[in-house]
Each structure stands twice: as C-alpha cells, then as structure tokens.
Amino acid sequence: MTRNLHLNRCIFVALYSLMIAALSTGCKKKEPQPAAPSPSAATSNTPTAQPKPVQKPVSSALKLSPPSVNQFDFSNKKDPFKPFVIVNAPPSGRKIQRDALPIHNFDVGQFRLIGIVTGGKENKAMVTDPNGKGYVLKTGMTIGKNEGRITAITNNGVNVMEQFKDDNGRVRKENIRLTLPRKQ
C-alpha cells in the first residue's frame, strides 16, 4: 500500500513538473525574426518601409474650430433681465402706487374721525379705517383709494378733495368732509 502511494506521488510530481515546463515555454512571446535584407533591396533607393500601426489612433475629444474674432456675441440671445409678461397700465385715469399704504386701501367715506388736535403749528386729526387701525392726518397728506388730498383740518372736521376722471374722461373734483360724531 505504501508502495502504491509512493508511486502515485511520483507520477503526480512528474505530471506537475511537465505542466509547469509546458506553460513556461508556451507563455513566451515569439518575436518574428527580421528577414535578412536581400541584395536587390539594399541597392534600391527606396526608403525603408515603416511598419503599419495595428490600429489607427482615434481621439474622443471634440475638434473645436479656432475662436472667431468676437467670441462673446450675444446679439441674438434673449435679454435675461426683461420680464416675460409686459403688464399694460389700466385704462382708468387713477394712478397706481406700487407701495400703497394701508390708508390708501379704503374709500374716504369709510374712515371715521375720532379726534382733532388743535394748537401748535398745525392741526392734526386722527381717523380709523374699517378694520379699526388708527392714522394721524396732517394737511397735505393723501387718503383713500382715489388719493384725496387733505385741504384743511378745522375744529369741526377734516376737508378732503378728490380728483378723478369720470366715464366721459373729464376731471372731476369732489370735496368730502369727515366730521366728529355727536355726543349723545
């Protein structure tokens, strides 16, 4: 039994060494032997031929054309600072204030006069809007949707003059008087 085991081991080592020898000789790259130049080729005046490349080199980079004289010409581009939609002014003659104050959100008749302060350089009046918010008025200020100008503040009330265009296109002036409520 030990003899069979020894024989199998010897066969295995021999086969293993043959495989390694075969693989090591098979892996070497065989370079073609340069052909000896023939005497007729040596005497001719033709240049020696370069070996052809195996594959033509290809670049994945884009081939750019040379830059033109004016590289930054944006004349045919859209202006990014112009709005998409152009809003036309409303046909009414009323001015639109972009920064409209809360005092300009109601009609003059909706305000309630709650007090007048007299004396000093000029008189002042206090009014409240329909929401209950109070405002102090001076002569020359504007109030209401139609931007009525306060012309006078007296002991009895406040005079407001509104100018607006009517349906016929004529400028109309209307005087509105806010008075203090009567005590009961």
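Colleague: Leaving aside its neighbours within four places in sequence, which residues is Thr 128 in contact with?

Modeller: Before I answer, note that this is a predicted model, in which local features need pLDDT of at least 70 and side-chain atom pairs count only at pLDDT 80 or more, while totals for chains, interfaces and linings use all residues. Residues are numbered from 1 along each chain as its sequence is written, and side-chain values use heavy atoms, with hydrogens and water left out. Contact means heavy atoms within 4.5 Å. With neighbours up to four places away set aside, the contacts of Thr 128 are Gln 110, Phe 111, Arg 112, Ile 114, Lys 133 and Gly 134.

Colleague: Is Thr 128 buried or exposed?

Modeller: Thr 128 is found in strand E2, where strands (E, at least two residues) and helices (H or I, at least four) are DSSP runs numbered from the N terminus. A residue is called buried under 20% relative accessible area, exposed over 50% and partly exposed in between, with a 1.4 Å probe and protein chains only. Because its relative accessibility is 13%, Thr 128 counts as buried.

Colleague: Which residue in the turn between E2 and E3 has a positive phi?

Modeller: E2 also pairs with strand E3 (residues 134-137), in the antiparallel sense and over 4 bridges, and Ala 125 stands opposite Leu 137 there. The hairpin of E2 and E3 has 5 residues between the strands, and the turn residue with a positive phi, about 95 degrees, is Gly 132.

Colleague: Which strands stand at the edges of the open sheet, and why is one side of each left without a neighbour?

Modeller: The open sheet has 4 strands in the order E4-E5-E6-E7, with antiparallel pairing. One side of each edge strand has no neighbour in the sheet because each has a single partner strand, and the edge strands are E4 (142-143) and E7 (171-179).

Colleague: What is the bridge partner of Val 158 in E7?

Modeller: Strand E6 (residues 157-165) pairs with strand E5 (residues 148-153) over 4 bridges, and Ile 153 of that hairpin, which has 3 residues between its strands, stands opposite Val 158. E6 and E7 pair in the antiparallel sense over 9 bridges. In E7, the partner of Val 158 is Leu 178.

Colleague: Which members of the largest nonpolar core touch the most other members?

Modeller: A nonpolar core is a set of buried Ala, Val, Leu, Ile, Met, Phe, Trp, Tyr and Cys residues joined through side-chain atoms within 4.5 Å. The residues that touch the most others, of the 17 in this core, include Val 158, which also touches Leu 113 and Ala 125 among others.

Colleague: Is Glu 147 buried, partly exposed or exposed?

Modeller: Glu 147 lies in the loop between E4 and E5. Its phi is near 50 degrees, a positive value in a residue other than glycine, and, as a rule, most residues other than glycine have a negative phi. Because its relative accessibility is 25%, Glu 147 counts as partly exposed.

Colleague: In which helix is the place of Leu 15?

Modeller: At 51% relative accessibility, Leu 15 counts as exposed. The place of Leu 15, with residues 2-26 as the span of the element, is in helix H1.

Colleague: What percentage of the residues of the protein count as buried?

Modeller: By the cut-off for buried residues given above, the count is taken over the 184 residues of the protein. The share that counts as buried is 14%.

Key: Two strands pair if DSSP finds at least two bridges between them.
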